[in-house]
Amino acid sequence: YLGRLRRTEPDLKSFLYVSSDEAVLKQAEEIDRKIGNGEQLGPLAGVLVAVKDNICTADMPSTAGSKILEYYRPPYDATCVKKLRENGAIIVGKTNMDEFGMGSTTEGSAYQVTANPWDLTRVPGGSSGGSAAAVSARQCVVSLGSDTGGSVRQPASFCGVVGLKPTYGRVSRYGLVAYASSLDVIGCLGSSVADTGIFLQAISGHDKFDSTSSKQVIPDFTSQFTSVDDMESKPLRGLRVGVIRETLEDGVDSTVVSSLQYAASHLEDLGCTISEVSFPSFSLGLPAYYILASSESSSNLARYDGVRFGNQISVDGLSSLYGNSRAQGFGAEVKLRILMGTYALSAGYYDAYYKRAQQVRTLVQEGFKAALDENDILISPAAPSVAYKIDEKKNDPLAMYAGDIMTVNVNLAGLPALVLPCGFAEGGSSGLPIGVQMIGAAFDEEKLLRIGHVFE
Ligand code: GLN
């Protein structure tokens, strides 16, 4: 893995920081030693993991893709990182991302643009583009991402890997740099459903440092991953799958629609009953998401004042210290979000925007509830298109936001969703991957993993 990482990294630029070979090999040798002594090892012993740069690591920088955190070295590990280390994982480095998670291409990083391993002229998706590209190019085994509105699932789709967004609260957010706290979750990327499930097992659970982390029992996700030899016996018999009609309408690439239809027929062959479900509030989720995410971010990012947090640009006087630190530390997209959020929360506009967006959030939650009362899982594309060219949407934020239509509703409702490859479109030298999104009921990752494992 290290050799491949070193060879491919100059083209891909998935990492903002890579551990030294010595540091990685030392940990690997330590595991060898334990094996030699017959010691009990954790389930991730020796597994090379990459971590998105908005997740705190005590021994590596954690910039969240922003200049304002360029010199930040967290004094602690995020809870999920701590758990990974306890399970024997080796953290190989920190992956590139759109600044603070705000973006869908990874072009919004203050440091570098990551390329899609399937076609170096295209974006890997975002904001966890570095984490998805790293798994796709086998620079690591699995990686951590974060998903506020699709940032694990859309890059998984663009890079042809598996992306799992857990239920809100399944994984502690302690040590995750906050973007929009009511939507943020830490998620897993891997090259198979089983890998992401084993990975999720290691990082799940209540944490006293995150009061929104859940005390729900954590099932044994790995029990799903027995081999499925006999496809003729319809291993998914009896499961009801709803195809969300509104996700296959105008504005969705025809290759994406046909891949989704293929996915539905494959599920039917495996024994599922397929039906179409209507989700009337589906298209309302996107504007509501952008109001809520911007509002929460404008509040969360207030802490970067150059005093307590953030690189300090020191000048005369306190208010110019705040002003200069923020003006020079934040990139354009982050400033746009702070402005939108501050506007939406301001006294005269609160009812028209923030409050209305919260009402839409309730509608979306009810829409999912109705659809999931009738079905075990729902399916949709993970994105309306395949990976597009670098620079194509760079100066058109609204076009970029529109690409999040398939994923944001799931965050508004806090549900778990799994994205896995289901087809290819023409492009690049060997085609461009397309992913299917499977959405489940809250805390039912188990079912998603079982279906996904049989599906792949
Ligand atoms: N693209 C979306 C945004 O910019 C989602 C990002 C994310 O999930 N972090 O807000």
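Biologist: Which does K13 count as, buried or exposed, and how many C-beta neighbours does K13 have inside 10 Å?

Modeller: This is a predicted model, in which local features need pLDDT of at least 70 and side-chain atom pairs count only at pLDDT 80 or more, while totals for chains, interfaces and linings use all residues. Residues are numbered from 1 along each chain as its sequence is written.

K13 counts as buried because it has 21 C-beta neighbours inside 10 Å. The term has cut-offs: buried means 20 or more other C-beta atoms within 10 Å of a residue's own, exposed means 12 or fewer, and partly exposed lies in between, with C-beta atoms placed from the backbone. K13 sits in the loop between helix 1 (2–12) and strand 1. Helices (H or I, at least four residues) and strands (E, at least two) are DSSP runs, numbered from the N terminus. Phi of K13 is near 55°, a positive value in a residue other than glycine.

Two strands pair if DSSP finds at least two bridges between them.

Strand 10 (residues 417–425) runs antiparallel to strand 11 and is joined to it by eight bridges; L418 stands opposite M438. The two strands form a hairpin with six residues between them, and G427 in the turn has a positive phi of about 145°. Strand 9 (residues 377–381) also pairs with strand 11 in the antiparallel sense, over four bridges, and here L378 stands opposite I439.

A positive phi turns up elsewhere too: T106 has one of about 70° although T106 is not a glycine. T106 lies in the loop between strand 3 and helix 4, and is buried, with 34 other C-beta atoms within 10 Å. S127 is found in the loop between strand 3 (90–95) and helix 4 (129–136). A cis peptide bond, with omega of about 10°, joins G126 and S127. Leaving aside neighbours within four places in sequence, the contacts of S127 include T106 and S151; a contact means that two C-beta atoms, placed from the backbone, lie within 7 Å.

UniProt, in an unreviewed entry, places the feature "active site" at K52, S127 and S151. These three span 100 residues in sequence, yet no two of their C-alpha atoms are more than 10.9 Å apart, so they gather at one spot. UniProt positions are given in the numbering used here, feature names are shortened, and annotations may be inferred rather than shown by experiment. S151 is in the loop between strand 4 (142–147) and helix 5 (153–159), and counts as buried, with 36 C-beta neighbours inside 10 Å.
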